[in-house]
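Hello,

Here is the structure you asked about, followed by notes on what was found in it.

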Amino acid sequence: MSAFLLPAAFAAAIAAMHAFAGGREIARPLLRNVALPPVVTLTHYFCWHMVTIMLVGLAGAYAYAALAADGYALAVVATLLSGVFGLWGFSLVRWKRQRHRDMPQWMLFTVLTVSGVWALTA
């Protein structure tokens with residue numbers, strides 16, 4: 001069994017959490033918000049879907065790396081992206097003086113990054 005199955009599973013779990021819990025907690029209330037101009041609301045909604053696509057792409061990259069010998073480079077890119085997302089999430093919380101428990105996304109990306117590094121070195 002390939003080590004890349006672990007980060008693939010983590011990425012798929014994060015994608016599912018984003019799609020289902022994020023849809024309920026973030027996307028639906030955003031679309032109901034009438035205080036924002038439609039272009040702002042729909043731009044945020046578009047970005048929410050871009051994140052969904054990116055998360056599924058990360059899971060796919062790791063899954064491909066688990067199944068194909070030529071997938072190592074995809075796993076490297078997925079790990080780098082995950083690491084950058086984690087660093088940005090952590091930095092944003094600190095910069096905007098938010099609470100980590102209210103913005104925990106960086107923690108999920110950190111776990112994904114660590115599992116990706118582990119798989120790359122296994």
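**Notes on the helices**

V111 has a relative accessible area of 42%, so V111 counts as partly exposed, the range between under 20% for buried and over 50% for exposed. The model is a predicted one. V111 sits in helix α4. From V111 to L30 the separation is 81 residues in sequence and 28 Å in space, C-alpha to C-alpha.

L30 belongs to the buried set of α1, which also contains P7, A8, A11, I14, A15, H18, G22, G23 and A27. The cover over these buried residues includes α2 and α4. At G23, α1 bends by about 65°.

Helix α2 covers residues 38–67. Its 30 residues should span 44 Å at 1.5 Å a residue, and the end C-alpha atoms are 43 Å apart, so the two values agree. The buried residues in α2 are T41, W48, T52, L55, L58, A59, A61, Y62, A65 and A66. What do the buried residues of α2 pack against? They pack against α1 (5–32), α3 (72–95) and α4 (105–121).

Regards

Technical notes. Residues are numbered from 1 along each chain as its sequence is written. This is a predicted model: local features need pLDDT of at least 70, side-chain atom pairs count only at pLDDT 80 or more; totals for chains, interfaces and linings use all residues. Side-chain values use heavy atoms; hydrogens and water are left out. Helices (H or I, at least four residues) and strands (E, at least two) are DSSP runs, numbered from the N terminus. The expected span of a helix is 1.5 Å times one less than its number of residues. Buried means under 20% relative accessible area, exposed over 50%, partly exposed in between (1.4 Å probe, protein chains only). Contact means heavy atoms within 4.5 Å. The bend at a residue is the angle between axes fitted to the seven residues ending there and the seven starting there.
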